[in-house]
Amino acid sequence: MRRPRFAGSARPRGKRGDGVPGPAAGPGAAGPDQAGALRRAVGRNLTAYGFLCGALVCFALFSWYPMVREVVLSFQENNFVDAPTWVGFDNFRTVIEDPAFRSAWINTAAFSGLALVIGYAVPFVLAVVLNELRHAKAYLRFVVYLPVMLPPAVAVLLFRWFYDPGAGLFNQVLDVFHLPPLSWLDSTSTALVSLVLVSTWMNLGTGTLIYLAALHSIPGDLYESAELDGAGLLRRVWHVTIPQTKLILLVMLLLQIVATMQVFIEPYLLTGGGPENATVTVAYLMYQYAFNFGDFGGGGALGLMLMVVLMVFSAIYLRVSREAER
Amino acid sequence: MRRTLSLVLAAGLGLVAASCGSGDDKPDAGGSGGQVTITVGCQPPKSNPKERAGWDADVAEFQKLHPNITIQSKDAFPCINPDTFQAKLAGGTQEDVFYVYYTDVQKIIKAKQAADISQYVGSVGKVKDLRADVMGVFKDGDKTYGLPRNNYNMGLVYNRKLFTQAGLDPDAPPKTWAEVQAAAKKIAALGAGYVGFGEYSAGNTGGWHFAASLYARGGSMVSDDGKTAAFNSPEGEAVLENLKQLRWNDNAMGSKQLLQWEDLMRMMGSGKLGMMIGAPDVVQGVNNDFQGKFEDYGVTAVPESDGKASLSGGDGYMFNPKATPEKIKAGLLWLEFHELTPGKGQFNYARAKEQGRPVGLPIPDLYGDSAPGKEIIALRKQYATVPVDHFAPYVAAQPNITLKLEPPKAQELYAVLDVAMSAVLTRQNADIDKLLSDAESKANKILAKNT
């Protein structure tokens, strides 16, 4: 059910448990009665406000301030010594004219697309399978979630060994099946896919747990009815599970797009953007500008462009979330 | 809703105002009553107790000589992380006397992120004896921005143990690229995991080594006026053709590519890599941090370089642009004492030998043939603890080699050339002419923007 808003809502004021005073009737209408109610409401929720302040301060310092600073930097030339100079859209022009700019956006879009094709369904399928299992559920959930507990850098470097064209695990496995070895990270045709595999493996635990939680909320009698109608596993998934979880599937889709478009650690640690710029992503190029070229303005401009694109997906996500709440 | 919106906007505006005002911090006073305290970077880390003890002893000795100066040492490993340089500067935590690689010096000068020390550097007596090309690293026109600590030319680092295993003579390292190819093939044939010759091709390191190889062949990265790229030349083509030969025809470079700095150091340390382009500091790094042993490695001149030129390599110190004149003067006194005086600080070889630290590497070469240079070489010979013969071919080639500075927009050009390097090493049918021509047009755009 949609929660009423504070301003303009017709809720009765001072209702127990909602913790906020009702709307004032108009300017000058706040009498002693209303002031007392406000004091009582504030008193009742002092702890909550305390926690809220803490969270707001943390967000302001570590999220909002850097975001604002980044926006400001993208319009400045700043050497962090002299007063910064406002340069309008020069930084944007510089990065757009960069030969790697186009590749970075194409690679980022390709990474997100491949991550959807390869990685989007995997956690859902895993969740369905885990949900159907009768034994060792807890153990398997732990195993699936284990990669999430590894620090990302460790997980990525682990795959670096797996991908080694000589003694790497993957080529050893191919060898067992008498298949020719692959270049994995060293080929323009397989490098990006290899990064997607790493990313999928690192993140599938979280997705699986979220889907499992969603599956648990599906009423059991729907499955029972389907079974009575003679539906097998696939038909139960198609006709019950997917329709019942379509909102969470949509939300996860949007979250995945937002997350994968910011891919950085995989190309940074595994390929350094190569071979032949095949794995240079927008976030990686942003890093190059800021830290390798010492051009924070250019990095900020790229960051702002990425932020605008992601805001579109975030807006859709918010809309979908609201629908879900309804 | 409106009130909330107003609050958010007000907070946002406040943050914008705060962020706009962060660039004009007041300079540090630098000291009062004749007392000066300076922060100095690159104190050896605790994990290197011997060098750290030497540093601390030097600080104590210096402070005794100059009671009005207090040195606050800042340790870090590695001494500088270029990635955090800007952040330290922006956050006000950059040392007064900060450590820097040659590769970053010109970028820092262009960005006005170091103090101009021209009017104070004359007080350092040793400056007149320093090699002009070495001092040139820290100059822009007639202005000086820092002092060197280390200097070396590129060479060919090789694993003597592997040479012996492969039936090669470690005392007669390759002098031509044909000899390098033959040696690399033999080393790679030792078995799985052995790599005859290693080269970088990612994270801008590929472009960096392309420049080093190009200079050694007598080529240039940019035209004399710095406005256009000049690497699409017979020398540039030869660099890539040579790698193509080693990688695909000789199969001597291993199958794993996109290597960066640490990869080759690790491979060299593990004893599986035969040769790489590098300076004697590679041997030092492999010995100190990658489980290699000094006696297993040798360094010779870059094949076929014939004393043409070498990409400048080394490190030194620059000054915080907010440092007061008192701090700059105190910093120069410290640098003269610790980095430039034979028998003192970094050149205190007697102490290094006593501590069991390696002595005898032919670096740093700050003075060339001048009196302090000769004195340092004599001290190095007197207290040598590593087999100096292993570096003899490298040392013999040094007098004729000219130090050549990095090109303008170095990191941007290196990023462009990473593409060509990675293409040649990962794609057998890579078209070298096209790669160089593409890189040239991209580099020209970058340079045009710069000029």
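In this predicted model, the contact takes 42 residues from chain B and 39 residues from chain A. Two residues are in contact if their C-beta atoms, placed from the backbone, lie within 7 Å. On the side of chain B that touches chain A, the elements giving two or more residues are α1 (2-20), α3 (82-91), α17 (410-426) and α18 (432-450) of chain B. The largest share of that side, 9 residues, comes from α17(B). By type, the side of chain B that touches chain A holds 17 nonpolar, 15 polar and 10 charged residues. Here Ala, Val, Leu, Ile, Met, Phe, Trp, Tyr, Cys and Pro count as nonpolar, Asp, Glu, Lys and Arg as charged, and the others, Gly among them, as polar. Helices (H or I, at least four residues) and strands (E, at least two) are DSSP runs, numbered from the N terminus.

Residues are numbered from 1 along each chain as its sequence is written, and chains are lettered from A and ligands numbered from 1 in the order in which they are written. Local features need pLDDT of at least 70 and side-chain atom pairs count only at pLDDT 80 or more, while totals for chains, interfaces and linings use all residues.

Chain A has 14 helices and 2 strands. Of its 326 residues, 31% count as buried. A residue is buried if 20 or more other C-beta atoms lie within 10 Å of its own, exposed if 12 or fewer, and partly exposed in between; C-beta atoms are placed from the backbone. The unreviewed UniProt entry lists residues 105-317 of chain A as "domain: ABC transmembrane type-1"; such positions are given in the numbering used here, and annotations may be inferred rather than shown by experiment. Over residues 105-317, chain A is 76% helix and 0% strand.

The domain assignment of chain B, which is automatic or from a database, gives domain 1 (36-144 + 313-342) and domain 2 (155-312 + 400-450). The centres of domain 1 and domain 2 of chain B, taken over C-alpha atoms, are separated by 30 Å. In chain B, 9 residues of domain 1 are in contact with 8 residues of domain 2.

Strand β6 (residues 146-152) of chain B has 7 of its 7 residues buried. β6(B) is joined by 6 bridges to strand β12 (residues 313-319) of chain B, and the two run antiparallel; strands pair if DSSP finds at least two bridges between them. B:P148 stands opposite B:G316 in β12(B).

Most residues other than glycine have a negative phi, and most peptide bonds are trans. The table lists backbone values that depart from this pattern.

| Item | Value |
|---|---|
| Peptide bond A:G274 to A:P275 | cis, omega near -10° |
| Peptide bond B:I363 to B:P364 | cis, omega near 0° |
| A:N277 | phi near 65° |
| B:Q291 | phi about 60° |

A:P275 lies in the loop between α12 (265-271) and α13 (282-292) of chain A, and A:N277 is found in the loop between α12 and α13 of chain A. B:P364 is in the loop between α14 (349-354) and α15 (371-382) of chain B. B:Q291 is in the loop between α12 (280-289) and β10 (297-301) of chain B. A:N277 is buried, with 24 other C-beta atoms within 10 Å, whereas B:Q291 counts as exposed, with 11 C-beta neighbours inside 10 Å.
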